[in-house]
Amino acid sequence: MCSGNFAKCLGITLIPLTIICILCNILLFFPGGNVADESSNITDEVFYLGGILGSGVVMIFPALVFLGMKNNDCCGCCGNESCGKRFAMFGSILFAAAGAVGAAYSVIVSCVAINHGPKCFTTYLNGTVQAINVTYPFADGNYLSNRTLWDLCDGPGDIITWHLTLFCILLVTGLVQIGLCAFQVINGLIGTICGDCCGCCGDS
């Protein structure tokens with residue numbers, strides 16, 4: 001497969017992954033599927049915007065660059081027919097590296113959030129009155145291996161499942177994005193060194 005065609009395939013794959021990450025991060029602003037009464041009731045890692053910025057906005061740029069690789073003009077620089085295509089492939093390496101950094105940021109935020117657990121409602125006795133507090137009831141991911149600890153969370157909604165599901169999606173999607181960007185780095189190196197296998201300037 002031509003390096004330009006392969007880059008385009010990677011771009012097509014990255015677009016839906018980017019949309020998924022943005023949607024997941026937006027949904028995390030609604031803990032347990034409910035509208036939060038205060039922003040302080042939302043898990044802190046949600047505001048780091050790993051899905052919206054890291055795997056979202058930052059990833060859009062390499063995805064668009066990859067999509068346009070096949071259409072880049074390969075004819076013009078210093079009379080060398082393949083120079084333009086080689087330069088475009090080299091540029092795609094830089095965008096792929098930037099995309100990988102953005103996705104890595106999303107992965108790190110997701111890992112921290114999963115280990116930290118969600119911020120949720122907990123009940124405690126204030127003298128003789130039962131009160132509700134919004135806090136982090138878990139420590140060092142202990143709730144992941146001990147489901148009985150989930151009873152410490154009294155909401156909102158099924159907050160733990162909501163939290164784990166969305167952050168796990170962000171984690172897996174971010175890892176896939178890193179893998180795709182790594183493929184493009186290799187593909188870009190091949191295209192830069194060897195040129196695109198497809199003909200250009202009317203040769204194809």
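1. A quick word on terms before the tour: helices (H or I, at least four residues) and strands (E, at least two) are DSSP runs, numbered from the N terminus. Residues are numbered from 1 along each chain as its sequence is written. This is a predicted model, in which local features need pLDDT of at least 70 and side-chain atom pairs count only at pLDDT 80 or more, while totals for chains, interfaces and linings use all residues, and side-chain values use heavy atoms, with hydrogens and water left out.

2. How far to trust it? pLDDT is the predictor's confidence in each residue, from 0 to 100. The protein chain averages 85, and 83% of its residues score at least 70.

3. Now the overall layout. The protein chain has five helices and two strands, and along the sequence they run α-α-α-β-β-α-α. Taking contacts between residues at least 6 apart in sequence, 73% join residues at least 24 apart.

4. Next, cover and surface. Buried means under 20% relative accessible area, exposed over 50%, and partly exposed in between (1.4 Å probe, protein chains only). Of the 204 residues in the protein chain, 41% count as buried. Accessible areas come from the Shrake-Rupley method with a 1.4 Å probe, and for residues only the protein chains shown count as cover. The accessible surface comes to about 10300 Å², and carbon and sulfur atoms hold 67% of it.

5. In the model, residues 12-31 are 80% helix and 0% strand, with the end C-alpha atoms 31 Å apart. Residues 87-108 come out as 100% helix and 0% strand, and there the end C-alpha atoms are 32 Å apart.

6. Helix H1 covers residues 3-27. The expected span of a helix is 1.5 Å times one less than its number of residues. For the 25 residues of H1 that gives 36 Å, and the end C-alpha atoms are 36 Å apart, so the two agree. The buried residues of H1 include Ala 7, Leu 10, Gly 11, Leu 14, Leu 17, Thr 18 and Cys 21.

7. Which residues does Gly 174 contact, leaving aside neighbours within four places in sequence? They are Ser 55, Ala 103 and Val 107. Gly 174 sits in helix H5 (residues 159-194) and counts as buried because its relative accessibility is 0%. Gly 56 is 118 residues away from Gly 174 in sequence, yet the C-alpha atoms are 9.7 Å apart.

8. Leu 171 is also in H5. Not counting residues up to four places away in sequence, Leu 171 touches Val 107, Ser 110, Cys 111 and Ile 114. From Leu 171 to Ser 55 is 116 residues in sequence and 9.8 Å between C-alpha atoms. Ala 182, another H5 residue, is partly exposed at 38%.

9. On to the rings. Rings of Phe, Tyr and Trp (its six-membered ring) pair if their centres lie within 6.5 Å; planes under 30 degrees apart count as stacked, over 60 as edge-to-face and the rest as tilted. That rule gives two aromatic pairs. Phe 29 and Phe 47 are edge-to-face, at 5.4 Å centre to centre and 80° between the planes. Phe 29 is partly exposed at 23%, and Phe 47 is partly exposed at 39%. Phe 138 and Tyr 143 are stacked, at 4.6 Å and 20°, and both of these residues are buried.

10. Most residues other than glycine have a negative phi. Leu 49 has a positive phi, near 60°. Leu 49 lies in the loop between H1 and H2 and is partly exposed, at 23% relative accessibility.

Conventions:
Contact = heavy atoms within 4.5 Å.
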